[in-house]
Amino acid sequence: MADTRLIHGRYRLLEVIGRGGMGEVWRATDESLGRRVAVKCLKPLGPRHDPNFVRVLRERFRREARVAASLQHRGVTVVHDFGESDGTLFLVMELLEGRNLSQLLEDNRHHPLPVHDVVDIAEQVADALAYTHRQGIVHRDLKPANIVRLSDGGVKICDFGIARLGADIGFTSRLTGGGIAMGTPHYMSPEQISGGHVDHRSDLYSLGCVLYEIATGVPPFDQDDAWAVLVGHRDTPPEPPRTHRAELPPLFERIVLDLLAKAPDARPADAGDLRRRITGARRVVIPADPGLRADPGFRTAGGGYGAAPAPFPPAPAHTPASPSAPAP
């Protein structure tokens, strides 16, 4: 696809900003409205691919557009348009100015993020999940590459490519066929791995994996072999985060371990309950001390900027699994 190609007679593709096995994400200009956007394009699939695979993949792409376009929340990426041009399916989204959590860890040489940032990210993602779950939508692929920290400190969830509508079980079961993996091994819940019933609490488990990684520098199960990772999620209790980073507050560690409970019933009841617990932990982790320095990267729960303590010293470097590309 040439840089000068105009999609749908309107979207001028400028440069690739993300690439995956099935598609690309481009920085683009909406020439009709004169604004910058991101355009996700599904690569054309030729006759060498299994027809069922192609059908399922295209339907999932359309599904992402419908699901994402139905969501209106500050913590969810806005979808502007969707269509097909010369056999290429495309999705037009707001262009996010920031870095996803995988990129932030890479920028930090896989050292954990400052604790006040981890707690702030946790609170914002929990708020966004509470909203999406109230709409009956389960993300099913929450991972660092799908959570973006904006330059103003906000956080947005993106990529609803395998999201599941709670009221649409039959349709979803057809979309999980064809041998296409549903989720990313380092962040999959035990029930996803076992093929059991998946509901909003699966997203809470995945969020627990994300928080564990950004707080310690490593995912809870860090084996090189994908099967060993899956078995770990299903059968092995995770090491407490403070074994990797002793200065983590015990209250925050307890929240993460509760999210990583093998049984869904042992996790927080919902994302709203989780957010309330994180807000309580914030008061312990980030005390309201007017003598603390101002940190421009810290946002309070209300969206404003506030005081935050200096970051904790970084833990020793670890090498987590390679982050996924933000394309389909």
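Where does Asp159 lie? Asp159 sits in the loop between β10 (155-157) and β11 (164-165), and I come back to that loop in point 5.

1. Ground rules. This is a predicted model, in which local features need pLDDT of at least 70 and side-chain atom pairs count only at pLDDT 80 or more, while totals for chains, interfaces and linings use all residues. Residues are numbered from 1 along each chain as its sequence is written, and side-chain values use heavy atoms, with hydrogens and water left out.

2. Overall picture. The protein has nine helices and 13 strands; these are DSSP runs numbered from the N terminus, helices being H or I of at least four residues and strands E of at least two. Of its 328 residues, 53% count as buried. Here buried means under 20% relative accessible area, exposed means over 50%, and partly exposed is in between (1.4 Å probe, protein chains only). Among contacts between residues at least 6 apart in sequence, 62% join residues at least 24 apart, where contact means heavy atoms within 4.5 Å.

3. Helices α3 and α6. Helix α3 (residues 115-134) packs with helix α6 (residues 200-216) at an angle of about 165 degrees, their axes lying 11 Å apart. That makes α3 roughly antiparallel to α6. The contact involves Val118, Ile121, Ala122, Val125, Leu129 and His133 of α3, with His200, Asp203, Leu207, Leu211, Ile214 and Ala215 on the α6 side. By class, this contact of α3 with α6 has nine nonpolar, two polar and one charged residues. For reference, axes are lines fitted to C-alpha atoms, for helices over the stretch in contact, and angles run from 0 to 180 degrees between N-to-C directions. Angles under 35 degrees count as roughly parallel, over 145 as roughly antiparallel, 65 to 115 as roughly perpendicular and the rest as oblique. As for the classes, Ala, Val, Leu, Ile, Met, Phe, Trp, Tyr, Cys and Pro count as nonpolar, Asp, Glu, Lys and Arg as charged, and the others, Gly among them, as polar.

4. Helices α6 and α8. What is the angle between α6 and α8? They pack at about 140 degrees, with their axes 8 Å apart. That makes α6 oblique to α8. From α6 the contact draws on Leu204, Tyr205, Gly208, Leu211, Tyr212 and Ala215, and from α8 on Phe252, Val256 and Leu259. The contact of α6 with α8 has eight nonpolar, one polar and no charged residues.

5. Asp159 has a positive phi of about 65 degrees although it is not a glycine. Most residues other than glycine have a negative phi. Is Asp159 buried or exposed? Asp159 is buried, at 17% relative accessible area. Phe160 lies in this loop too and is buried at 3%. The C-alpha atoms of Phe160 and Ala68 are 6.4 Å apart, although 92 residues separate them along the chain. Leaving aside neighbours within four places in sequence, the contacts of Phe160 include Glu64, Val67, Leu71, Thr132 and Ile137.

6. Strand β10. Ile157 is found in strand β10 and is buried, with a relative accessible area of 1%. Again leaving aside neighbours within four places in sequence, Ile157 is in contact with residues including Val125 and Leu129, and both of these also take part in the contact of α3 with α6. Val76 and His139 are in contact with Ile157 and with Phe160.

7. Other loops to look at. Arg109, in the loop between α2 (101-107) and α3, has a positive phi near 55 degrees. Arg109 counts as exposed, at 61% relative accessibility. Asp225 is in the loop between α6 and α7 (226-235) and is partly exposed at 45%. Asp225 and Pro185 are 40 residues apart in sequence, with a C-alpha to C-alpha distance of 9.9 Å.

8. Cysteines. How many disulfides does a search of the whole structure find? The search finds zero, a disulfide being a pair of cysteine sulfur atoms within 2.5 Å. Cys41 is buried at 2% relative accessible area, and Cys158 is buried at 13%.
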